[in-house]
Amino acid sequence: MTVDSWYAKGSTTTIEGLEVFFRRAGSGEALLCIHGFPTSSWDYEPMWPALTARFDVVASDLIGLGRSAKPRGRALPVGLQATVLEGLLLEQDIERAHILAHDLGDTVAQELLARQKAGTAKVQWQSCVFLNGGLFPETHRPRFIQRLLASPLGPVVAGLSSERLFRRNLAQVFSDEFPPSEAFLRGSWDLLVGKGGRQMLPPLIRYMEERRVHRQRWVGPLQESSIPLRFINGALDPVSGRHAAQRYRDVVPEPDVVMLDRAGHYPHVEQTEEVTEAFLAFHDERVG
């Protein structure tokens, strides 16, 4: 499905005063898909037919990315993203849901689970599957461009960013065996820069610092989880690959980890069938 087809079948709404793009399809128990940085909900397109065959799926663009609002001069903390997602589900009359998350989406999911642990959640989360992401700040290995965007030079670097640089950096986190397609690279770039999206990169990338500040709050729900969790990890990811999975095993009691030895940072794009199989097996075996 092309970018245009994906967005033509979606909707927009306003949550917390911000325009939010989302897609909803399927039937069954609700599933929230949360994408990562710096891409969009379109990342889940390869899995969409299988997911919607079993679940009532909602996938939205995070604020600052895709075709959701890109507000200038506004902080975009993880907490805001979580609040917007809660508001979106409640507007859709969804009060209970499962989560599938990737990259920055992992961190947003951790905040949602932290709210549930604290008794302040507005939606009851029933399970969570994480794909590659910085669950633990001590094992996250940001790329050089991410460090630059997080530095005082961030606005300058973002303004000078080019499609060529974006393509190179994105390709480097995929495995050599499953490189990103031309359509994925071009579509993801167009979505990133639309509506002045370059300016969103520095405020968004602050999630890396938030992970350090809120480590206890966000790791706690993994260590003391009241719901089933699984970590599906592309081992060849230089940012959060095999080393992140090992940390998960060290930190999380009775860890449920599925390793994909041939995939990189976007396992759901690189090895869609394997990720889908592991996700559905998790629901068959552990969630029911």
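Hi everyone, let's start with a cluster: Trp42, Phe174, Phe184 and Tyr266 are linked by ring pairs. Rings of Phe, Tyr and Trp (its six-membered ring) pair if their centres lie within 6.5 Å, with planes under 30 degrees apart called stacked, over 60 edge-to-face and the rest tilted.

A quick word on the model. It is predicted, so local features need pLDDT of at least 70 and side-chain atom pairs pLDDT 80 or more, while totals for chains, interfaces and linings use all residues. Residues are numbered from 1 along each chain as its sequence is written, and side-chain values use heavy atoms, leaving out hydrogens and water.

How many aromatic pairs does a search of the whole structure find? There are 11. One of them joins tryptophan 6 and tryptophan 48, edge-to-face, at 5.0 Å centre to centre and 75° between the planes. Tryptophan 6 is in helix H1 (residues 3–8) and tryptophan 48 in helix H2 (residues 48–52), so this pair ties together parts 42 residues apart in sequence. Helices here are DSSP runs (H or I, at least four residues), and strands are too (E, at least two), numbered from the N terminus.

Tryptophan 6 is buried at 0% relative accessibility, and tryptophan 48 is buried at 6%. Buried means under 20% relative accessible area, exposed over 50% and partly exposed in between, with a 1.4 Å probe and protein chains only.

Phenylalanine 37 and tyrosine 207 also pair edge-to-face, 5.7 Å centre to centre with 65° between the planes. Both of these residues are buried.

Last, charges over rings (NZ of Lys or CZ of Arg within 6 Å of the ring centre and within 35 degrees of the ring normal). Arginine 23 has its charged end over the ring of tryptophan 6, 4.4 Å from the centre.
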